[in-house]
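User: I am new to this structure and would like to learn how its local features are read. Please guide me through them one at a time.

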Amino acid sequence: MNAPLVWLDAELRDLDVVPAGVRGEFVVPGVVPTAGLDEVELFLPGHGWGDALGGLLARMPSLRVVQTLSAGVDLLGPLVPTGVTLCNGREVNTVSTAELAVALTLSSLRDLPRFVRQQETGTWEETWGENLAEQRVLVLGHGSIGQHVGRLVSAFGAEVVPVARTAREGVHDFAELPALLPTVDVVVVIVPLTDETRGMVDEGFLAAMPDGSLLVNVARGPVADTDALTAACASGRLRAALDVTAPEPLPGNHPLWRMPNVTITPHVGGNTHSHAQRSRRLVRDQLARFAAGEPLLNVVAGQY
């Protein structure tokens, strides 16, 4: 009996991710191999397929699993055929995304962007910042990244207010947000993009946040209403630190770029040099589990 055939993003070619018991082929996004389409059982597609990926997945009769290296599956999920298991890559970006969330928080509280602008003009002008240790931080989203954000800000002495879709011991649910938002200094958004969370950070959400408070979004741009966020920041009432925007990339003429109380990074939450090795560990372990018929990691949809 032949070992199962898996197709993997070509960027993984040099990472030694294929264990014994698996036939691995590396696929360049947009380039479909001439043979093996009807044999592929697991597929890890790279970026660059776009909507064409849905049509390709539908042409794989033996497909059982689609794996992604992203924690978010909002774009890929709708393309996966019924009955095919979808697994995400939350371990790959958990630490790096959580660290960026905390870095953006610290940068905003200590007003580091102001000092960068002053450096460009050779200006020495002191200002007063805020300690993270004195803040009450609401972490909206209690998956692996949100939990790590909580651990990190707790280490600085901040009080963490965890919020998730479903309440559990020590964790609030979405329905409690109207009561919680007026009591916090920082809101870190790290929920997945779903029908329920799309536009969650709207005019009412922002109005409930106290004057001078900070919104940090490292989730997905459409979780926030960009017009409402722009208005809140333009008024000077709120501050924002955004690794994601809607649309994305944010147009160069968008007013958010020029607001001194807004920091923008270009969706780089997972972009650290440890990404390759974290990817290798996850993919190699997942493929070994797949070949052995063992339970898979990070199943987010379907059954295996």
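Predicted model: local features only at pLDDT ≥ 70, side-chain atom pairs only at ≥ 80, totals over all residues.

User: Where is P249 found?

Analyst: Elements here are DSSP runs numbered from the N terminus, helices being H or I of at least four residues and strands E of at least two. P249 is found in the loop between β11 and β12, and the peptide bond from E248 to P249 is cis, with omega near 0 degrees. P247 also has its place in the loop between β11 (239-242) and β12 (262-264); the bond from A246 to P247 is cis, with omega near 5 degrees.

User: Which phi does D16 have, positive or negative?

Analyst: D16 is not a glycine, yet its phi is positive, about 55 degrees. The residue sits in the loop between β1 (5-9) and β2 (23-27). Likewise, D111 is not a glycine but has a positive phi of about 60 degrees; D111 lies in the loop between α2 (90-109) and α3 (112-121).

User: Why does D16 count as partly exposed?

Analyst: Buried means under 20% relative accessible area, exposed over 50%, and partly exposed in between (1.4 Å probe, protein chains only). D16 is partly exposed because its relative accessible area is 47%. D225, found in the loop between β10 (214-217) and α7 (226-234), counts as partly exposed because its relative accessibility is 33%.

Notes:
Residues numbered from 1 in each chain as written. Heavy atoms only, no water.
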